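Please keep the sequence and the structure in view while reading.

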Amino acid sequence: MADEDENTSPEEQALADEWAAALSEAGDADQDDIDAMMASAAAEPAAPRAKMEEFGSVPARSNAPVSLDGPNLDVILDIPVSISMEVGNTEITIRNLLQLNQGSVIELDRLAGEPLDVLVNGTLIAHGEVVVVNEKFGIRLTDVISPSERIKKLR
């Protein structure tokens, strides 16, 4: 038995310990049951590992436009993201927050006419100005942050 312990890898030993704990909870576990399960687990062929694709590979030319073509981005193109526009922000005390009522005015840190921030999942991607489209508010992008700058901000 000691010879077997020297030949097992830490992963195999951890698996054996998990099986021993599970079988001891079941009540009628003994070492022969554990050894039989380990042998059957070792006899099963390991699942083939898929090759990992690199999503963040840098293009050969830095001035080349970013392309959404290619198989590595197709997987994520339909993932929904939250997009929001930030007019400005400020900090107030809880006392002042509780005193707010209809008609209250909150002063923001942004000047009138200054561009809005366009955020995707909380990350700044562009600046824009408010427009009205079919009686609804919209935003016209005036400055879009380059993909390389966006990646730098994430790190």
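**Overall architecture**

The model is predicted. Its chain holds six helices and four strands, and from the N terminus the order of elements is α-α-α-α-β-α-β-β-β-α. Of the 155 residues in the chain, 12% are buried. Among contacts with a separation of 6 or more, 27% are between residues 24 or more positions apart.

**Strand pairing**

Strand 2 covers residues 116-120, strand 3 covers residues 123-133 and strand 4 covers residues 136-144. Strand 2 runs antiparallel to strand 3, and five bridges join the two. Within this pairing, Val118 has Ala126 of strand 3 as its bridge partner. Strand 3 is also antiparallel to strand 4, to which eight bridges join it. Here the bridge partner of Glu129 is Arg140 in strand 4.

Each of these two pairings has a hairpin to be described. Two residues lie between the strands in the hairpin of strand 2 and strand 3, where Asn121 adopts a positive phi near 50 degrees. In the hairpin of strand 3 and strand 4, two residues likewise lie between the strands, and Asn134 takes a positive phi near 50 degrees.

**Salt bridges**

How many salt bridges does the structure hold? There are two, and they are listed here.

| Arg110 | Asp117 | 2.8 Å |

Because Arg140 lies in strand 4 and Glu129 in strand 3, the pair ties together parts that are eleven residues apart in sequence. The two residues are also bridge partners in the pairing of these strands. Arg140 is partly exposed, with a relative accessible area of 47%, and Glu129 is partly exposed as well, at 38%.

The other pair involves Asp117, a residue of strand 2. Is Asp117 buried or exposed? Its relative accessible area is 13%, which is under the 20% limit, so Asp117 counts as buried. The side chain of Asp117 makes a polar contact of 2.8 Å with the side chain of Arg110, and the two residues form a salt bridge. Leaving aside residues up to four places away in sequence, Asp117 touches Ser84, Met85, Glu86, Arg110, Leu124, Ala126 and His127. Among these neighbours, Ala126 is also the bridge partner of Val118.

**A nonpolar surface patch**

Which residues make the nonpolar surface patch of about 480 Å²? The patch is made by Val87, Ile92, Leu97, Leu100, Ile106 and Leu108. One of its members, Ile92, is located in the loop between strand 1 (83-86) and helix 5 (94-99). The relative accessible area of Ile92 is 41%, so this residue is classed as partly exposed.

**Summary**

Strand 3 is joined to strand 2 by five bridges and to strand 4 by eight.

Note on methods:
Residues numbered from 1 in each chain as written. Predicted model: local features only at pLDDT ≥ 70, side-chain atom pairs only at ≥ 80, totals over all residues. Heavy atoms only, no water. Buried < 20%, exposed > 50% of the residue type's maximum accessible area, 1.4 Å probe, protein only. Polar contact = N/O pair within 3.5 Å; in protein donor to acceptor, adjacent residues only side chain to side chain. Contact = heavy atoms within 4.5 Å. Patch = residues over 30% accessible without salt bridge, like charges linked within 9 Å, V, L, I, M, F, W, Y side chains within 5 Å. Areas by Shrake-Rupley, 256 points an atom, 1.4 Å probe, with all protein chains shown as cover. Salt bridge = Lys/Arg side-chain N within 4 Å of Asp/Glu carboxyl O. Pairing = 2+ DSSP bridges.
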